[in-house]
Amino acid sequence: MLHFLRSAIARRSFAGAMLLGTALSACAAQAATFTMYRDPNCGCCLAWADHMEQGEKHVVETVDHPDMASVKSQNGVPDDLRSCHTVLADGYVIEGHVPAADVERLLAERPEGVTGLAVAGMPIGSPGMEHGNHRQPFRVIAFGPEGRSVWASYPGNAS
């Protein structure tokens with residue numbers, strides 16, 4: 001009887017450890033750390049970081065950088081897709097005011113040939129650039145060595 005009890009406890013302990021390990025792995029995957037390079041004088045970057053941290057899925061570490069052009073060049077951001085901040089996220093480059101849902105989709109799908117996502121410029125109504133009810137149309141562009149494609153489109157409004 002004692003042998004049976006020890007075996008049952010050992011099996012439960014092993015199963016509990018496996019379950020705990022799986023849960024911790026899932027939390028680690030959800031709590032990805034993003035490193036955001038930004039001009040220290042730009043406030044919309046911090047608003048975008050707040051957007052990404054909603055739901056506590058990600059932590060955005062900010063690095064104030066005096067030469068953002070070099071950060072963008074080093075990370076392969078095309079000149080015409082540049083915006084105010086550049087984020088390194090789990091092997092991808094996120095340029096500008098990309099919505100969290102699009103970043104989540106990129107991290108889940110991990111498509112071949114995509115280096116990152118970009119929203120060129122600073123369109124009003126994009127995450128971090130909210131201005132009342134006014135929204136300019138914008139596109140999220142996937143870019144990489146195989147070219148570019150539209151990842152998502154967001155309509156504007158007349159307000």
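The secondary structure of the protein comprises four helices and seven strands. The model is a predicted one. Along the sequence, these elements are arranged in the pattern α-β-α-β-α-β-β-α-β-β-β.

Of the 159 residues in the protein, 36% are buried. Among contacts with a sequence separation of 6 or more, 53% are accounted for by residues 24 or more positions apart.

In soluble globular proteins, nonpolar side chains tend to be buried together. In the present model, the largest nonpolar core contains 29 residues, and the members that touch the most other members are F34, I94, L117 and V140. At least two residues of this core are supplied by each of β1 (32-38), α2 (44-53), β3 (86-89), β4 (92-95), α4 (100-109), β6 (138-144) and β7 (147-154). The largest share comes from α2, with five residues.

The surroundings of V140 were examined individually. With residues up to four places away in sequence not counted, V140 touches V98, P99, D102, L117, A118, V119, S149, V150, W151, A152 and Y154. Among these, L117 is, like V140, one of the core members that touch the most other members. V140 lies within the range of β6 (138-144), and its listed partners S149, V150, W151, A152 and Y154 fall within the range of β7 (147-154).

Note on methods: Residues numbered from 1 in each chain as written. Predicted model: local features only at pLDDT ≥ 70, side-chain atom pairs only at ≥ 80, totals over all residues. Heavy atoms only, no water. Buried < 20%, exposed > 50% of the residue type's maximum accessible area, 1.4 Å probe, protein only. Contact = heavy atoms within 4.5 Å. Core = buried A, V, L, I, M, F, W, Y, C linked by side-chain atoms within 4.5 Å.
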